[in-house]
Amino acid sequence: MKERVKHNAFLIVLVTVIVALDQWTKLLVTHKLAIGESISPIAILGDFFQIVNWHNTGAAFGLFQNANVVLLIVSLLIGIIVLFYYQMIKPKDWLAKASLALIFAGAIGNIIDRIKFGYVIDFLAFGRFPVFNVADSAVTIGVFLMLFHFFNEDQKAKKTNAEASEQEDSKS
């Protein structure tokens, strides 16, 4: 029981920190910049890196514009699935826990925007790459960590199977 509480406390703390950072940065941008307005905060990078107040009614990379309701429903379903899966992983599996917590936090950050405004506030612009936010970054990092986790688990399983096969061959 105590381990399960610690397991979920990690999720709650990480999600709270990421969502708070996401919402705070979006609030700052909307209070400091008009829609479409941008600044280049690091002079040496020039226009390569900008902070811009951008409203996204679609998904990543500008896909599915004006599909806020559908994307809200999909985000809610993904959030529920992530929470369910989080409860199934081992409490000591920190990489899986961190990846799922980041994905969930990012989903929550953007869900808040979709419910509150009908769009997601994006503000980080790098070169020609689509504009994104802290929540998007959390989801992306979480997905990469999950892929890394799956790759590691697959490698461990292959190694274990190979060792078992070698032991079986040596017995024969």
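## Lys 32, out in the open

A residue counts as exposed when its relative accessible area is over 50%. Keep that cut-off in mind for Lys 32: its relative accessibility is 63%, so it counts as exposed. One thing to know before going on is that this is a predicted model.

Where does Lys 32 lie? You'll find Lys 32 in helix 1, a helix that covers residues 2-32. Lys 32 can also be located relative to Asn 53: the two sit 21 residues apart along the chain, and their C-alpha atoms are separated by 8.8 Å.

## Two helices crossing

Now for helix 1 and a partner. Two packed helices are described by the angle between their axes and by the distance between those axes. Helix 1 packs with helix 3, which runs over residues 94-117. The angle is about 40°, and the axes are 8 Å apart. That angle makes helix 1 oblique to helix 3.

As for handedness, helix 1 and helix 3 cross in a right-handed way. What kinds of residues make up the contact of helix 1 with helix 3? There are 14 nonpolar residues in the contact, along with four polar and five charged ones.

## A group of Phe rings

Next, the aromatic rings. Rings pair if their centres lie within 6.5 Å, and by this rule there are six aromatic pairs. Take Phe 49 and Phe 126: their ring centres are 4.7 Å apart and their planes meet at 35°, so this pair is tilted. Phe 49 belongs to strand 2 (residues 49-56) and Phe 126 to strand 3 (residues 120-126), so the pair ties together parts that are 77 residues apart in sequence.

Phe 126, at 32%, is partly exposed. Phe 126 also forms an aromatic pair with Phe 132, and this one is stacked, with 5.9 Å from centre to centre and 20° between the planes. Phe 132 has a relative accessibility of 19%, and since buried means under 20%, Phe 132 counts as buried.

## A charge over a ring

One last stop is Trp 94. What sits over its ring? The charged end of Lys 97 does, 3.8 Å from the centre of the Trp 94 ring.

Conventions. Residues are numbered from 1 along each chain as its sequence is written. This is a predicted model: local features need pLDDT of at least 70, side-chain atom pairs count only at pLDDT 80 or more; totals for chains, interfaces and linings use all residues. Side-chain values use heavy atoms; hydrogens and water are left out. Axes are lines fitted to C-alpha atoms, for helices over the stretch in contact, and angles run from 0 to 180 degrees between N-to-C directions. Helices (H or I, at least four residues) and strands (E, at least two) are DSSP runs, numbered from the N terminus. Angles under 35 degrees count as roughly parallel, over 145 as roughly antiparallel, 65 to 115 as roughly perpendicular and the rest as oblique. A crossing is left-handed if the near helix is turned anticlockwise from the far one by less than a right angle, and right-handed if clockwise. Ala, Val, Leu, Ile, Met, Phe, Trp, Tyr, Cys and Pro count as nonpolar, Asp, Glu, Lys and Arg as charged, and the others, Gly among them, as polar. Rings of Phe, Tyr and Trp (its six-membered ring) pair if their centres lie within 6.5 Å; planes under 30 degrees apart count as stacked, over 60 as edge-to-face and the rest as tilted. Buried means under 20% relative accessible area, exposed over 50%, partly exposed in between (1.4 Å probe, protein chains only). A charge sits over a ring if NZ of Lys or CZ of Arg is within 6 Å of the ring centre and within 35 degrees of the ring normal.
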